[in-house]
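Trainee: Before we start, could you show me the model and then take me through its features one at a time?

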Amino acid sequence: MKVCRRETFNAAHRLYNPSFDDAKNDAIFGKCNNLNYHGHNYAILVCLDGPIDPETGYVIDLKILSDILDEEVKEPFDHRNLNLDCPEFENLIPTAENITLVIWNKLRKRLDSKYEIEVTLWETERNSVFYNGK
Ligand code: NI
């Protein structure tokens with residue numbers, strides 16, 4: 001059984017690799033390498049796959065998942081500059097892939113191992129990334 005919670009957050013980022021020169025960063029990251037950053041309205045869907053607890057009828061009380069997402073996603077990332085404000089990305093390029101990986105790892109530490117965790121992150125209406133630890 002799978003239960004899911006959707007959240008949104010707004011954040012700025014710049015994609016560049018400090019070990020590349022400007023020309024190579026421009027070639028690889030294009031507009032996303034814009035020196036003065038740019039923003040996205042991110043949406044995230046977190047699904048937990050696990051058994052129904054026969055005593056509660058829940059896979060998980062979604063209020064618990066909501067509180068964890070507030071602490072691990074909304075509070076650290078919403079209205080932030082991911083490159084400048086978030087230590088998670090001090091040495092990690094804040095692509096949708098890496099943001100998803102960071103969030104998945106944070107959630108893995110907070111949730112019982114009986115749950116398989118699936119994270120889908122939309123960076124735009126059309127582009128999304130999915131990670132389930134595999
Ligand atoms: Ni971007």
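Trainee: How is relative accessibility to be read here, and is Cys4 buried, exposed or partly exposed?

Mentor: A residue is called buried under 20% relative accessible area, exposed over 50% and partly exposed in between, with a 1.4 Å probe and protein chains only. At 34% relative accessibility, Cys4 therefore counts as partly exposed. Please keep in mind that this is a predicted model, in which local features need pLDDT of at least 70 and side-chain atom pairs count only at pLDDT 80 or more, while totals for chains, interfaces and linings use all residues. Residues are numbered from 1 along each chain as its sequence is written, and side-chain values use heavy atoms, with hydrogens and water left out.

Trainee: How many disulfides does the structure hold, and which residue is paired with Cys4?

Mentor: A disulfide is a pair of cysteine sulfur atoms within 2.5 Å. The structure holds one disulfide, formed by Cys4 and Cys47, whose sulfur atoms are 2.1 Å apart. Because the torsion about the S-S bond of Cys4 and Cys47 is about 105°, this disulfide is right-handed. Cys47, at 7% relative accessibility, counts as buried.

Trainee: Which parts of the chain does the pair tie together?

Mentor: Strands (E, at least two residues) and helices (H or I, at least four) are DSSP runs, numbered from the N terminus. Cys4 lies in strand β1 (residues 2-13) and Cys47 in strand β2 (residues 38-49), so the pair ties together parts that are 43 residues apart in sequence.

Trainee: Which residues coordinate the nickel ion?

Mentor: Donors are N, O and S atoms within 2.8 Å of the metal (3.2 Å for Na, K and Ca), and because water is not among the atoms, sites may look incomplete. Here the nickel ion is coordinated through NE2 of His13, His38 and His40, at 2.0 to 2.1 Å. Along the chain these donors follow the spacing H-x24-H-x1-H, and His40 counts as buried at 14% relative accessibility.

Trainee: In which sense do strands β4 and β5 pair?

Mentor: Two strands pair if DSSP finds at least two bridges between them. Strand β4 (residues 116-122) and strand β5 (residues 128-131) pair in the antiparallel sense over four bridges, and they form a hairpin with five residues between them. Within this pairing, Thr120 stands opposite Phe130 in β5.
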